[in-house]
Amino acid sequence: MSYLTEKVAYIRGKADGMQIDESTNEGNIILELIDLLSDFAEEIEELNEEVGEIDEYLDIIDEDLDDLEDFVYEEDDLDYDYDEVECPHCGEVMHVDSDIFETGECEKELTCPNCNETFILDNDECEE
Ligand SMILES: [Zn+2]
């Protein structure tokens with residue numbers, strides 16, 4: 001039993017002990033409110049369980065995705081090298097072919113696939 005359902009059960013017990021008169025307006029609304037609280041507590045408990053299940057499911061997907069990424073990038077490594085470049089606008093990390101610079105080129109304009117902003121990538125091999 002969750003903290004909420006326990007608490008509602010406690011209040012209901014207390015109300016029973018007070019012998020609240022359901023035939024009065026006040027008594028009636030108090031008992032209705034306790035019923036409502038009880039429904040809320042149950043709903044929240046169910047939601048928590050569902051969120052827990054989704055959370056577990058997400059972990060599984062995340063692990064699968066990691067495996068898939070390892071597989072895909074390992075495959076890529078066989079064909080060419082890539083560098084990790086971070087977008088200065090949104091921080092998205094993207095992979096660019098390390099042969100991106102043509103001979104003699106010191107900078108290249110790139111477009112971020114995430115935010116579509118352009119930025120200049122400097123060639124490390126160029127000296128200022
Ligand atoms: Zn970006």
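From the N terminus on, the elements run α-α-β-β-β-β, which comes to two helices and four strands; helices (H or I, at least four residues) and strands (E, at least two) are DSSP runs, numbered from the N terminus. This is a predicted model, in which local features need pLDDT of at least 70, side-chain atom pairs count only at pLDDT 80 or more, and totals for chains, interfaces and linings use all residues. Residues are numbered from 1 along each chain as its sequence is written, and side-chain values use heavy atoms, with hydrogens and water left out.

**Overall form**
- The protein has a radius of gyration of 30 Å, whereas a compact globule of 128 residues would have one near 14 Å (taken over C-alpha atoms; the globule rule is 2.2 Å times the number of residues to the power 0.38).
- Along its principal axes, the C-alpha trace spans about 90 × 30 × 20 Å.
- Domain 1 covers 1-79 and domain 2 covers 81-128, with bounds from an automatic or database domain assignment.
- The centres of the two domains, taken over C-alpha atoms, are 46 Å apart.

**Burial**
- Of the 128 residues, 14% are buried (under 20% relative accessible area; exposed is over 50%, partly exposed in between, with a 1.4 Å probe and protein chains only).

**Helix α1**
- The buried residues of α1 are Thr5, Val8 and Ala15.
- Seen down the axis, the buried residues of α1 fall within an arc of 80°, so they line one face of the helix (the arc is that of the directions from the helix axis to the C-beta atoms).
- Exposed Tyr3, Tyr10 and Gly17 sit on the face of α1 turned away from its buried side.
- Just after α1, Gln19 has a positive phi of about 50°.
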